[in-house]
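Student: I should like to learn how to read a protein structure feature by feature. May we work through one together?

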Amino acid sequence: MLIYQATVQPAPPLVRSESIADKVYAMLRQDIASGHFRPGERILEKALSERWRISRTPIREALLKLETEGVVVCNSRRSYNVRILTVQDVREIYQTLGFLEGAVAAAAAAALTSEDIGELERINRMMESSAAEADLQAFGGWNRRFHDVFILKLDNHTLHDTCDLVRGLLYTFPVQRNTLGAWLLKSVAEHRTIIQLARERDAEGLAAYFRNVHWGYDHNRQFITDAFDRRGEAAVHL
């Protein structure tokens, strides 16, 4: 007697609402970085739902995440506005990163290997290419990897995520581009100094350089005031 056994097909993987929200989050962040949504512009859940033909739930989750990161600001009518990153905001970001990443670099100096130094040099070459094209978003991605060489040595996820969150704001919003290329190339030159200090395992030198030069507001004032809005209005342009 023949016995037939039914073939059970595996159920298709469920699409989790979190994965949709992640995609919406990435699209919104890109729309803000590209200037599709301007600084100060209102973002409506309903309009996004109609534009992407999806429910409001993943859109709301993505907007809540962006609000937590300081990219958008919630108002009282179930809508959000793109944050306006002012010169004062950038000054505070620089001061925060100066303290945090200066301490990180000092703590990581002794653990740096020759492979780490080579990686810093490789990444900085990629940053130089992005700077030459004044590509702020690409530069920001490479910059994150450059600084990660130091931060990941400490195996501190909270510190890593905090630095990422604070630093990421500088590469999230469109900026005025008059002197952007020169600013990015200046940063590349500063990275060469950082690499030399790292090669010498100079903990004190790294801490001071990160705090007073690389993330020093006064050292970058000219470029910051040119790139970012000074009046608290949506005057920033691509």
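This is a predicted model: local features need pLDDT of at least 70, side-chain atom pairs count only at pLDDT 80 or more; totals for chains, interfaces and linings use all residues.

Student: Where is the place of Gln 176?

Tutor: Helices are DSSP runs (H or I, at least four residues), numbered from the N terminus. Gln 176 is placed in the loop between α7 (157-168) and α8 (180-199). A polar atom of its side chain lies 3.0 Å from the backbone oxygen of Asp 226.

Student: What should helix α3 span?

Tutor: The expected span of a helix is 1.5 Å times one less than its number of residues. Helix α3 (residues 56-68) has 13 residues and should therefore span 18 Å; the C-alpha atoms at its ends are 18 Å apart, which agrees.

Student: Which residues of α3 are buried?

Tutor: They are Pro 58, Ile 59, Ala 62, Leu 63 and Leu 66. These residues cover an arc of only 135 degrees around the axis, which puts them on the same side of α3. The arc is that of the directions from the helix axis to the C-beta atoms. In general, an α-helix has 3.6 residues a turn, so residues three or four places apart point the same way.

Student: How many aromatic pairs does a search of the whole structure find?

Tutor: Rings of Phe, Tyr and Trp (its six-membered ring) pair if their centres lie within 6.5 Å; planes under 30 degrees apart count as stacked, over 60 as edge-to-face and the rest as tilted. The search finds six aromatic pairs. One of them is the tilted pair of Phe 139 and Tyr 171, with 6.5 Å centre to centre and 45 degrees between the planes. Both Phe 139 and Tyr 171 are buried. Trp 183 and Phe 228 form an edge-to-face pair, at 6.3 Å centre to centre and 90 degrees between the planes. Trp 183 lies in helix α8 and Phe 228 in the segment after α10 (217-227), so this pair ties together parts 45 residues apart in sequence.

How values were computed: Residues are numbered from 1 along each chain as its sequence is written. Side-chain values use heavy atoms; hydrogens and water are left out. Helices (H or I, at least four residues) and strands (E, at least two) are DSSP runs, numbered from the N terminus. A polar contact is a pair of N or O atoms within 3.5 Å; within protein, one must be able to donate a hydrogen and the other to accept it, and residues adjacent in sequence count only if both atoms are side-chain atoms. Buried means under 20% relative accessible area, exposed over 50%, partly exposed in between (1.4 Å probe, protein chains only).
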